[in-house]
Amino acid sequence: MEDFLAKWASGDLSETDKKAFESDKENKLYQDILNGVEKLDVPAYNSDALYAKLKTRIENQNSSQSTKVISMIPKWLYAVAASVILIFGFTIFYNNDISYTSDYGEKISFTLPDNSEVILNANSHITYDNKKWESKRELYLEGEAFFKVIKGSKFTVLTKTGSVSVLGTQFNVNSNKKSSIFQVDCFEGVVKVEQDAISKIIKKGEAVRIFNKKIDQWKFNELQPLWITQESAFYNSPIKQVIKALENQYDIKIESSKVNDSLRFTGVFTHSDLDKALKIVFESLDINYELTNNNSVILDIE
């Protein structure tokens, strides 16, 4: 059985070996452990060396004992169990990422290691390297979030559509990869917004949106994003940005493939009444729509 384990650990197990082992009485116990191991996401390591080292250690321990104990558990199982423990150790040691994910219609708030505050909007995700945070305040955002950053070293928000860099300020970031819309609203301090060759500096009360390589910039008076108080506000926003916000807040699917990218919406919709939200958005744009029983919205666009 030790030879079988060595082949399994190195990936050299033949189909004949597999079929032979399937009929073995210990197969179920092995499968339970193997299934647990396969679910782990761990760094690569030298499995042959690990097995050899573990086997040598077991043999040395056995030779040093004056009293022999007959075990009802096969030796190979100790090796597998020890391998699982070591793999868990690798996972804990190498995986320093901390992540937060909000569900549809959900908002969550949390504090970063430097006491900076984050409020994550619906259907959004943030991750950062906890071990490197003290020397590099950098995180990755998918979706939308509001940040209250403690003053200190450079603080960077990376997204798939652009990045934001600050030293200490309050700002909102909305990144939508599907529509390539990247919007940043500055509520305090100064913010640097970048997307490829585009770079903009905005101050308190200013917002910038990059869409199809074009820049929109405007001013506002709010002290915080309206979505924190259960409303979503838009200023001359591409309709696909508004549709994405509706989907995130209400866990619905809106067919938007036929929507004209040049169509814009200015207004506010509530997070507490789907019928009212749909009416505010689509009736104001003269778009007929139908809400089906499976929470899909069909748009009638000629």
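Residues are numbered from 1 along each chain as its sequence is written, and side-chain values use heavy atoms, with hydrogens and water left out.

**Figure 1. Overview of the predicted protein.** The secondary structure comes to 7 helices and 18 strands; helices (H or I, at least four residues) and strands (E, at least two) are DSSP runs numbered from the N terminus. Of the 302 residues in the protein, 41% are buried, where buried means under 20% relative accessible area, exposed over 50%, and partly exposed in between (1.4 Å probe, protein chains only). Among contacts with a separation of 6 or more, 44% join residues 24 or more positions apart; contact means heavy atoms within 4.5 Å.

**Figure 2. The largest nonpolar core and the surroundings of Phe155.** A nonpolar core is a set of buried Ala, Val, Leu, Ile, Met, Phe, Trp, Tyr and Cys residues joined through side-chain atoms within 4.5 Å. The largest such core has 28 residues, of which Ile126, Leu139, Phe147, Phe155, Val164, Phe171 and Val191 touch the most other members. Strand S5 (residues 137–148) gives the most to this core, with 4 residues. Leaving aside residues up to four places away in sequence, the residues that Phe155 touches include Leu112, Trp133, Leu139, Phe147, Val164 and Phe171, as well as Asp114 and Arg137. A second, separate core of 21 residues includes Ile243, Tyr250, Phe269 and Ala277.

**Figure 3. The open sheet S15-S18-S17.** Three strands form this open sheet, with mixed pairing; two strands pair if DSSP finds at least two bridges between them. Strand S15 (253–254) and strand S17 (288–291) are the edge strands, each pairing on one side only. S15 and strand S18 (residues 296–300) run parallel and are joined by 2 bridges. Helix H7 (residues 274–284) packs on the sheet and touches S15, S17 and S18, its direction making about 160° with that of S17.

**Figure 4. Packing of helix H6 against helix H7.** Helix H6 (residues 239–250) packs with H7 at an angle of about 180°, and their axes are 12 Å apart. Axes are lines fitted to C-alpha atoms, for helices over the stretch in contact, and angles run from 0 to 180 degrees between N-to-C directions. The two helices, H6 and H7, are therefore roughly antiparallel, a term that applies to angles over 145 degrees. Ile239, Val242, Ile243, Leu246 and Tyr250 of H6 meet Leu274, Ala277, Leu278, Val281 and Phe282 of H7. By class, this contact has 10 nonpolar, no polar and no charged residues; Ala, Val, Leu, Ile, Met, Phe, Trp, Tyr, Cys and Pro count as nonpolar, Asp, Glu, Lys and Arg as charged, and the others, Gly among them, as polar.

Figure 5. Most residues other than glycine have a negative phi. Asn115, in the loop between strand S2 (108–111) and strand S3 (117–120), has a positive phi near 75° and counts as exposed at 52% relative accessibility. Asp196 lies in the loop between strand S10 (190–195) and strand S11 (198–203); the phi of Asp196 is near 55°, and its relative accessibility of 66% makes it exposed. Asp286 is placed in the loop between H7 and S17 and is exposed at 71% relative accessibility.

Notes. Predicted model: local features only at pLDDT ≥ 70, side-chain atom pairs only at ≥ 80, totals over all residues. Parallel < 35°, antiparallel > 145°, perpendicular 65-115°, else oblique.
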